[in-house]
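Welcome, and please open your viewer. We will go from stop to stop, selecting a few things at a time and saying what is there.

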Amino acid sequence: MGLFENIALGIETAFTVDALLFCFVGVFVGTFVGALPGIGPLVSISVVLPLTFGLDPTVALIMLAGIFYGSQYGGSITSILLNLPGTASTAVTALDGYPMTKEGRQGLALFINAVSSFIGGSLAILLMMGFAPALAQIALNFHSTEYFAVMLLGLIAASTLSGGSALKSLVMVTLGLILGLVGMDLNSGAMRYTFGILELTDGVSLIAIAMGLFGVAEIINKMTAASAPVASGRPKHIPLRSMLPSREELGQLWAPILRGSAIGGFVGALPGAGPTIASFMAYAFEKRVSKTPERFGKGAIEGVAAPEAANNASVQAAFIPTLSLGIPGDVVMAVLLGAMMMHGVVPGPQFIPNEPAMFWGLVISFWIGNVMLLILNLPLIGIWARLITIPSHILMPTIMFFICMGSYSINNNVFDVYVTLIFGVVGYLFMVFNFHPAPVLLGFILGPLMEENLRRSLVIARGDPLVFLDRPISLALLSISALLLLLPLIKSITNMRNGLRAKASKS
Amino acid sequence: MQPAPKRRSLPHTLFCVCIALFGAFVAYEGMQLSFGTLARIGPGFFPAGLGLVILLLGLLTIIEKDDAAFERHSLRPLVLCSLAILVFALTVERLGMIFAVTAVVALSSLAHGNTSVRAIAGLAALLCLTGYVLFITMLRIPLNPVF
């Protein structure tokens, strides 16, 4: 099928009343939860997921995706206006966005935010339209050996690239892998780690885990750190005209937006690296290439444009490995993959050729969603500014309500509520001890798949484990994984040596 | 001058030990299942392997240099939020949605430090209504508002 037929198919799928309605609901909810500090796209998608079971799978995915990229728009609103980032990825925007508000230039900042986000997202969608089908084609030549290697690389990349202790993230990933294996093994019929509990035969519920680890744990965390900064005053009305940039400013903007989009698109497509890293890298890069770096941190418009383009680009680009290979590009993508599987859609390289309507429908809906967001973020900005000052003592119990009802409604069984509870407590403990919970979900989704591919490779190779090194693509992927594992190790050894040398030179 | 290396705090070490023990447990359970041969791996192969990996990684995290200081935190939000979910799970089927939701709202509000009875009651009422409309009516979750 040529590109034009595909686009036509996508338009046909995405422009139904259902699809448009739920796209709007998705981006609206996304902007809302993005703006609210305390809940993010991950929890919202987990909570909304059980509610989508009655919907057509494509429409459900359109809405859930809308929540995801919508949250990148919304998160920046509070960053700029109140110096309170709604999501981690928008923290960087506050560095120059908030000073602009203090100077009274918040209208301009919000405009730059909306436009950069739109351009960043659009460019990444173009990237996806070009790359994802091509990548899927290449991947169709993958055998189970390559799949295993790619998944391993994805997990290791996610652990080592996402900041914080790589070692601890590896622990989290492995924990996720083990959790994914709980239940009946399809190959042998053996019950693994079920301990006689009937409800565990099908495995632990992804949504229950996600709600516990990211919802409950986050709420407990926020409540414990109750000395959080309070929103300073109500934001004033922002007239539309104050938002428009001058000609000169426009000239300064296009380069940072393009650079940010490029960084975001690249970073987002990597499994494990997400919008947070993308926005930080874009900001750092922009500062480094600027001729006047001292303006950054005081209200430089490039400091708003670049990270915003980057985080939206990365969020759209994360769909590339997810939809073309079935490897989640981000934790939220892992949940979306789970959603696809729950709706009976099999992700992987066969997805795009088998379900072109769904893929292209999603792509076109991304365009639609981004346009809707542009409208929501510009003229309707005043509504958001007022909406987000909901006090947290109303918000937190409300979220708890949704989490409880949501986890019950997965299987109409209180067992899942208990699962959410356990993972909430455990998740909080992880946070306290600096273990990032996100990689658990990646491991959870990929665990059973990895085992299957491992088993298949070994069966085909008649038990020869060297098969992973014989095949060239697999060898290449495994080498990169090994490299990523060794790099932090080398760094800490070098640190220790430098420390010892410094000590020796003093004595 | 070189900053003194941060000392490992006891709770952190204990936690990592727990993780290592968990890995040992997973590996042990995995070994109860058949390993199979390399050509035809059995159900216990992958889990046991992963268990060993966690055991090893857990031990390594104990000796890793600490990246952030561990502070004492109040236990109240943890206890009360857990209680909220627990009560919900125990009562939602036996005592109905309204009771369960009210309990959740009350306990989470207390966890957050809000003790105004009026605010809690108001929010609980609103959420019970939302729960009824959204979950029971629109989504047909088989829950009774009242037992």
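A word to know before we start: two residues are in contact when they have heavy atoms within 4.5 Å. Among contacts in chain B between residues at least 6 apart in sequence, 61% join residues at least 24 apart. What you see is a predicted model, where local features need pLDDT of at least 70 and side-chain atom pairs count only at pLDDT 80 or more, while totals for chains, interfaces and linings use all residues. Residues are numbered from 1 along each chain as its sequence is written, chains are lettered from A and ligands numbered from 1 in the order in which they are written, and side-chain values use heavy atoms, with hydrogens and water left out.

**Stop 1: chain B**

Select chain B and colour it by secondary structure. Helices (H or I, at least four residues) and strands (E, at least two) are DSSP runs, numbered from the N terminus. Chain B has 5 helices and 2 strands, and from the N terminus on its elements follow the order α-β-β-α-α-α-α. Buried means under 20% relative accessible area, exposed means over 50%, and partly exposed lies in between, with a 1.4 Å probe and protein chains only. By that rule, 40% of the 147 residues of chain B are buried.

**Stop 2: chain A as a whole**

Now select chain A. Its secondary structure comes to 22 helices and 2 strands. The C-alpha trace spans about 75 × 70 × 50 Å along its principal axes. How many of its 507 residues count as buried? The share is 60%. For contacts in chain A between residues at least 6 apart in sequence, 78% join residues at least 24 apart.

**Stop 3: the nonpolar core**

A nonpolar core is a set of buried Ala, Val, Leu, Ile, Met, Phe, Trp, Tyr and Cys residues joined through side-chain atoms within 4.5 Å. In soluble globular proteins, nonpolar side chains tend to be buried together. Select A:Ile209, A:Phe319, A:Phe435, A:Leu441 and B:Phe88: of the 185 residues in the largest nonpolar core, these touch the most other members. Helix 4 of chain A gives this core its largest share, 15 residues. A second, separate core has 7 residues, including A:Ile263 and A:Val267.

Zoom in on B:Phe88. Which residues does B:Phe88 touch, not counting those up to four places away in sequence? They are A:Cys404, A:Met405, A:Tyr408 and A:Val417 in chain A, and B:Ala100, B:Val101 and B:Val104 in chain B.

**Stop 4**

Is A:Thr58 buried or exposed? A:Thr58 counts as buried because its relative accessibility is 9%. Beyond its neighbours within four places in sequence, A:Thr58 is in contact with A:Thr13 and A:Met358.

**Stop 5: a network of charges**

Side chains of opposite charge can pair when their charged atoms come close. A salt bridge is a side-chain nitrogen of Lys or Arg within 4 Å of a carboxyl oxygen of Asp or Glu. There are 8 salt bridges over all chains.

Select A:Arg192. Its side chain meets that of A:Asp185 in a salt bridge (3.7 Å, N to O). A:Glu451 also forms a salt bridge with A:Arg192, with the closest N and O atoms 2.8 Å apart. That pair links distant parts of the chain, since A:Glu451 is in helix 20 (residues 438-460) and A:Arg192 is in strand 2, 259 residues apart. A:Arg192 is buried, at 3% relative accessible area, and A:Asp185 is buried too, at 4%.

Next, pick A:Glu452 and A:Arg456, whose side chains meet in a salt bridge (3.6 Å, N to O). Both lie in helix 20 of chain A, 4 residues apart, about one turn of the helix. A:Glu452 is partly exposed at 27%, and A:Arg456 is partly exposed at 44%. Salt bridges that share partners join A:Asp185, A:Arg192, A:Glu451, A:Glu452, A:Arg455 and A:Arg456 into one network.

**Last stop: a loop**

Finish at A:Gly329, in the loop between helix 13 (319-325) and helix 14 (331-342) of chain A. A:Gly329 is buried, with a relative accessible area of 0%. Draw a line from A:Gly329 to A:Pro356: they are 27 residues apart in sequence and 20 Å apart in space, C-alpha to C-alpha.
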